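This report walks through a predicted model, chain by chain and then across the places where chains meet. Please keep the sequence and the structure in view while reading.

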Amino acid sequence: MMNNRFLVLLSGLVVAAAVTWLSAIAAAGQARSKPYTGLRTPDGQPDLQGFWTNATYTPLERPKNITKEFYTRAEALEIMKRQAVEEAEQTQPGTIPDVHYDFTQFGLDRSQGAMALNLRTSLIVDPPDGRLPALSADGRRRADERAAARKSRGGPHDAVQNEPLGARCILMDRNGPPMLGGAYNNTYQIMQAPGYVMILVEMLHDARIIPLDGRPQLPPNVRQWTGSSRGRWEGPTLVIETANLNDKFAFQGASENMRLTERFTRVDDDTLRYQFTVDDPSTWTSRWSAEVPWKKDKGPIFEHACHEGNYGLYNTLAGARAEDKRAADEAAKKKSQK
Amino acid sequence: MRNGLPTALATSLALMLAVMTAGGQSRAYRAPRAADGKPNFNGIWQAVNEAYWDVEAHAAAPGPVELGAAHATAGGLSIIDGGTIPYKPEALKKKQENYANRLTLDPEIKCYLPGVPRANYMPYPFQIIQGPKYIMMVYTFAGAVRTIYMDEHKEAPADSWMGWSNGHWEGETLVVDTSGFNDQTWFDRAGNFHSDALHIVERLTATGPEHLSYEATIEDPNVFTRAWKISMPLYRRLEKNAQLMEFRCVEFVEELIYGHLRKKPSQ
Amino acid sequence: MRTRRAVAGVGIALLLAAAPVMAHHAFSAEFDINKPFKLRGTLTKWEMINPHSWFHLDVKDESGSVVPWMIEGGSPNQLIKNGVTKNTLVVGTELVIEGYQAKDGANKGVGRNLLLADGRRLFLGSTETEK
């Protein structure tokens, strides 16, 4: 049993591993700068195919006391190194973070896989302050209504419908759209066939199939979790327009009227630039945009049968009901002792 | 030509006629090519039969009382060579138990991934996205996805609902060899089942611009006495702008699975 | 130097705050922080599934009878990318698991540390020199 070379995948000292990971990123970051004029698919389209990851430490919004748009290389690498070390650190017994399996043990730290170097201080590039624009009056009203509705539904474990969409295996940030990286399993596979681009999202085994033939969006009464997407090429860039969202995913508080434009451009052999613009006047006073580098990753993408394997959700609800019963029994005991 | 055609010409004409009407190998349809020279199976396809109710021949039967005729089983012919599934005796008992309890046990009810070959004949379209290294089959129900590895063939790293598929071309035919299944899926709504030893070899061949012939040889030494084969045509969805719609069905079954764990209102 | 370090220092704190891991909250609802355990048992099955994998163990309790436990671990997806398969962790392997028990009292838990009998961590993680 001990002979199996994968049983214990020694990664060396935590800090040493982080440094190795980081130097690979730094080296890759130095290599590019010429515009990419590379591969095309057999039918002449820019080739975006392969496995990619949008794993990142960069927050969506610029941290409050940072005013500049870019870190220096040295600053960015230092931040990444500290993040990597922090990710791999052991949690303290008896603390909430300790009540969890060890991400590092399963290779689920972001620093254990590919990651693009990003000097930006935020993913948001517009507005220029790197933060979400102000909510419109409609947006404020809806945020209040949603908060009130959440409150009236009770506690987070009172019913399955109160749990986060990700815990219910319905939708995660990796899916969106827009597609944003999360803690782990941030891999995507892009394939191109005549007239279509397919983006397979690792999480929830979501295959976004985007037609490129200029057909119209679905009719306005048809609302889907991932909306309706239509693609076209603008030179080297794949442009995807999405509408017909429902009001349940509510990306960053968005309404069902949100219109999303995503753009993919291959920067070099190992990097895609992913940009998106959110247009939702029912929520924000202006459009806003973000940019995320995607790094070449490796496959395979193993089946993410989330709902099928979701013992955890069942256990969470059962555990909450067990706690309720304990609390009720104790209250009854106290009452009978009076 | 009063004396008939010269013998040689008559012979060759007869030969040609024989070959054309033989219906088989020498005049097989040749599909348009994908960029890599392989038959192009890209597109949106759908089976049109009643196998999703029951892969064996079956008569119409009632469904849940409150749904009357709307969810009654439609009758259908068998899609199996030889008609019936060759169950081992103990396995047949389990199938019958499954059938008797199908309205609670069918994994389709819980929005679970449908497995293979069931996904191919559920009554919804699926899409083939074809490349030289990977062929993706994307299904409507529960957004199920299969990756067919065309280039590097590996063993399944772990069991899954949709299995691990290794594919290769044999002339005009796509041959897909799938194993690494868990034992959780059914073949239909009638309780036909398998173990995690399931092994399937599918063969897809274009028989015309809008038709594929689909065959699957199914074996599972834990459940069946021998391998058995199903077959059916697959039809291209020809509507302008045909597309797969989202079928995120988890929401539709949450009450059924988790409803009993809802917090009771305090007295 | 001073400015750069200060910037980096603040940046990290906020970066960490900005990249939440939702799973933490649900786990501390599923498992009881006041019920830590350390089990030794033999593996009967490793369910390599998503969203989280599950280790099934036969554990001998104080009276010597065998009690089956199931322990939650991470998604197997990144391990699979690194070559781990269902043949890597063999049935019968002795494991030592430190974790927290399920709130509903069942013989279930989350495996905080998964160790082989010789004390080495399963799969990836820090080495002895880290301690």
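## Chain A

Of the 338 residues that make up chain A in this predicted model, 45% count as buried. The secondary structure of chain A consists of four helices and ten strands, and when these are read along the sequence they follow the pattern α-β-α-β-α-β-β-β-β-β-β-β-β-α.

The C-alpha atoms of chain A, taken along the principal axes, fill a box of roughly 80 × 60 × 45 Å. When the contacts in chain A with a sequence separation of 6 or more are considered, 62% of them are accounted for by residues 24 or more positions apart.

## Chain C

Chain C has 131 residues, of which 45% count as buried. Its secondary structure comes to three helices and five strands, and these elements are arranged along the sequence of chain C in the pattern α-α-β-β-β-α-β-β. Among the contacts in chain C that link residues at least 6 apart in sequence, 47% join residues that are at least 24 apart.

## Where chain A meets chain C

The contact between these two chains involves 68 residues of chain A and 67 residues of chain C. On the side of chain A that touches chain C, the elements giving two or more residues are helix H2 (73-88) and helix H4 (311-337) of chain A. The largest share of that side, nine residues, comes from H4(A).

## The barrel of chain B

In chain B, nine strands form a closed barrel that runs E1-E2-E3-E4-E5-E6-E7-E8-E9, with mixed pairing. From one strand to the next, the twist averages 30°.

One pairing in chain B can be followed in detail: strand E2 (residues 126-130) and strand E3 (residues 134-139) run antiparallel and are joined by five bridges. Across this pairing, B:Ile128 stands opposite B:Met137 in E3(B).

## The largest nonpolar core

The largest nonpolar core has 155 residues, and those with the most contacts inside it are A:Met198, A:Leu200, B:Met136 and B:Val138. The element that gives the most to this core is E3(B), with six residues. In soluble globular proteins, nonpolar side chains tend to be buried together.

Which residues does A:Met198 touch, if residues up to four places away in sequence are not counted? Within chain A, the list includes A:Met191, A:Ala207, A:Arg208 and A:Ile209, while in chain B the residues touched by A:Met198 are B:Ile129 and B:Met136.

## Helix H5 of chain B

Helix H5 of chain B spans residues 250-258, and its buried residues are B:Val250, B:Glu254 and B:Tyr258. Why do they lie on the same side of H5(B)? They cover an arc of only 60° around the axis, and therefore they are placed on the same side of the helix.

The face of H5(B) that is turned away from the buried side carries the exposed residues B:Phe252 and B:Leu256. What covers the buried residues of H5(B) includes H4 of chain A, and H4(A) is also the element that supplies the largest share of the side of chain A that touches chain C.

Conventions. Residues are numbered from 1 along each chain as its sequence is written. Chains are lettered from A and ligands numbered from 1 in the order in which they are written. This is a predicted model: local features need pLDDT of at least 70, side-chain atom pairs count only at pLDDT 80 or more; totals for chains, interfaces and linings use all residues. Two residues are in contact if their C-beta atoms, placed from the backbone, lie within 7 Å. A residue is buried if 20 or more other C-beta atoms lie within 10 Å of its own, exposed if 12 or fewer, and partly exposed in between; C-beta atoms are placed from the backbone. Two strands pair if DSSP finds at least two bridges between them. Axes are lines fitted to C-alpha atoms, for helices over the stretch in contact, and angles run from 0 to 180 degrees between N-to-C directions. A nonpolar core is a set of buried Ala, Val, Leu, Ile, Met, Phe, Trp, Tyr and Cys residues joined through C-beta atoms within 7 Å. The arc is that of the directions from the helix axis to the C-beta atoms.
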